[in-house]
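Visitor: I'd like to learn to read a model like this one piece by piece. Could you walk me through it?

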Amino acid sequence: MSAQWKLEAKRGALETRACVLYAARAFFLSRDYLEVETPNRIPAPLPESHIDALPAGPWWLHPSPELCMKRMLAAGYERIFQISKCYRGAERGSLHLPEFTLLEWYRAGCDYLQLMEDSEDLFLYVSGTLGIGSRLTFRNGEIDLAKPWERLSVKEAFDRYGSICLEKALEQDRFEEVLALEIEPRLGNQKPTFLYDYPLAFASLARVSKDNPAFAERFEIYMGGLELANGFSELTDAEEQRKRFEKENRTRSRRGRPPYPVPEKFLDALSRMPESAGIALGVDRMVMLFADASSIDEVVTFTPEEL
Amino acid sequence: MYNASDLRKNLRLMLDDDPYIVIDFQFVKPGKGQSLYRCKLRNMLTGSQIDRTFREVDTFKPADTEEKAMQFLYQEGGSYHFMDNENFEQIALTEEQVGDAKNFLIENMECKVLLFRDRPIDITLPNFVDVVVTEAPPWIKGDTVSGNYKPVIVETGYKVSVPPFIEQGEKIRIDTRTGEYLTRVKG
């Protein structure tokens, strides 16, 4: 039995979605970025402890286009962006779909601080194209997109909103719990928030901070409690990256997940990659924000359950 | 055995030796961190509710229950009476045990009663029920854009969102698993 009316009721959100995609493309093209398409089916997904790739034959569907895009950076493509479908297993909720859309952009010769400014400009450009000015209504609140957005370090966020400090949370393996349940709902409620400088254990592919070696130059964007994007200054040390992959794979094995093949071609390219920064933005959630949707289901044509 | 990734609304599982049902469920995953499963659960014996957050490494035993086909007879003073289709014995459940299903119970309806060590603890409804709309705001003809939903009340007192063309006295089909309107039923 199909609930045809639910699909009919999505029209407004789908129109917003089309406009957001159009505006995002126009923004990057106006800044001399090259739009690229890298393969969605890859032989070795990024080894990350808590992200599962979906198998596709002997290969996998990419959980993000990160590896291929960085190989392009290493080959001299200095400004690139991609809008692609990405796939992650065992992720489904009001903010998660196993198939979703990411917007990723990478820039040579810059760091995460400049990416934050790009993000501010992108959202203002999109809201301008939608004709709604800099203020948007989301979940009964108003968010002002005008620059500059709030910049809050992870450490400060734990001190301000958490029931325990960052050091304790790491010690007790409660980092995610305190972050997700206590801190996130408080972030980005009047102005968008950049939550920045993540502890090294959550560095992923980010460069270690020069000023503060216990932290990595990584940030996330929050608006109305919603996590929208993850960016960082890229790690360009292939040996360090290999160690991190091995550690992630060990965590995967320990938790009963298959380890992934080490992406050798990526590691090889990494040693030639220029200083750069890159970011992945959840397009579906961005549309949720502009369409004032309460669930990700409202901004896609079909959820898996509706097929 | 269930894994945390099996958690969803209406899953029945054992927790601290009691059968529980998940009544509200939220999947949370911060950044590149591990998944968290925020659940509100109801103890199916006592009716009390608890909040628990599970991690992806948590596992659970399914609730050790059996199902029996029964007919819903009537409701009186917060007590819901059912009859066993085989031996015609009657049993009763409390309002807490019936839970959200009370929104869709119509007299003489066939459903399944769940037993835990021979005690009735819950019911399962057919996936779809047809109910009469008893209260609906009028449809402003031509208004096909604004809102797209309107609230109506059906014969069991349940409030549900429907498309604007649904009128009072009409029969509609509801999916009891989601509580959502599905379609208009003709005739």
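Visitor: Which strands form a hairpin with five residues between them?

Guide: A quick note before that. This is a predicted model, where local features need pLDDT of at least 70, side-chain atom pairs count only at pLDDT 80 or more, and totals for chains, interfaces and linings use all residues. Residues are numbered from 1 along each chain as its sequence is written, while chains are lettered from A and ligands numbered from 1 in the order in which they are written.

Guide: Helices (H or I, at least four residues) and strands (E, at least two) are DSSP runs, numbered from the N terminus. Two strands pair if DSSP finds at least two bridges between them. Here the hairpin is made by E8(B) and E9(B), and Phe88(B) in the turn has a positive phi of about 60°. E8(B) covers residues 79–84 and E9(B) residues 90–94, and they pair in the antiparallel sense over five bridges. Within that pairing, Phe82(B) stands opposite Ile91(B).

Visitor: What is the order of the strands in the open sheet of chain B?

Guide: Read it E1-E6-E2-E3-E4-E5, six strands with antiparallel pairing. At the edges sit E1 (2–3) and E5 (49–55) of chain B, each pairing on one side only. E5(B) is joined to E4(B), residues 36–43, by seven bridges, again antiparallel. For one pair to click on, take Lys40(B), whose bridge partner in E5(B) is Asp51(B).

Visitor: Which helix packs on that sheet?

Guide: For this you need contacts (two residues whose C-beta atoms, placed from the backbone, lie within 7 Å). You also need axes, which are lines fitted to C-alpha atoms, for helices over the stretch in contact, with angles from 0 to 180 degrees between N-to-C directions. The helix is H7(A), which touches E3 (18–28), E4 and E5 of chain B, and its direction makes about 75° with that of E4(B).

Visitor: How many residues of chain A are in contact with chain B?

Guide: 26 residues of chain A meet 19 residues of chain B. H7 (175–183) and strand E12 (226–233) of chain A each supply at least two residues of chain A's side. H7(A) gives the most, with six residues. For classes, Ala, Val, Leu, Ile, Met, Phe, Trp, Tyr, Cys and Pro count as nonpolar, Asp, Glu, Lys and Arg as charged, and the others, Gly among them, as polar. By that scheme, chain A's side splits into eleven nonpolar, six polar and nine charged.

Visitor: Now helix pairs. At what angle do H2(A) and H4(A) pack?

Guide: About 130°, with the axes of H2 (residues 11–30) and H4 (residues 112–130) of chain A 9 Å apart. That makes the pair oblique, given that angles under 35 degrees count as roughly parallel, over 145 as roughly antiparallel, 65 to 115 as roughly perpendicular and the rest as oblique. Residues in the contact include Ala23(A) and Phe27(A) of H2(A), and Leu122(A) and Val126(A) of H4(A). The classes come out as nine nonpolar, one polar and no charged.

Visitor: And how far apart are the axes of H2(A) and H10(A)?

Guide: They are 9 Å apart, with H10(A) spanning residues 283–291 and the packing angle at about 120°. H2(A) and H10(A) are therefore oblique to each other too. Arg17(A) of H2(A) and Phe290(A) of H10(A) are among the residues making the contact. By class there are six nonpolar, two polar and one charged.
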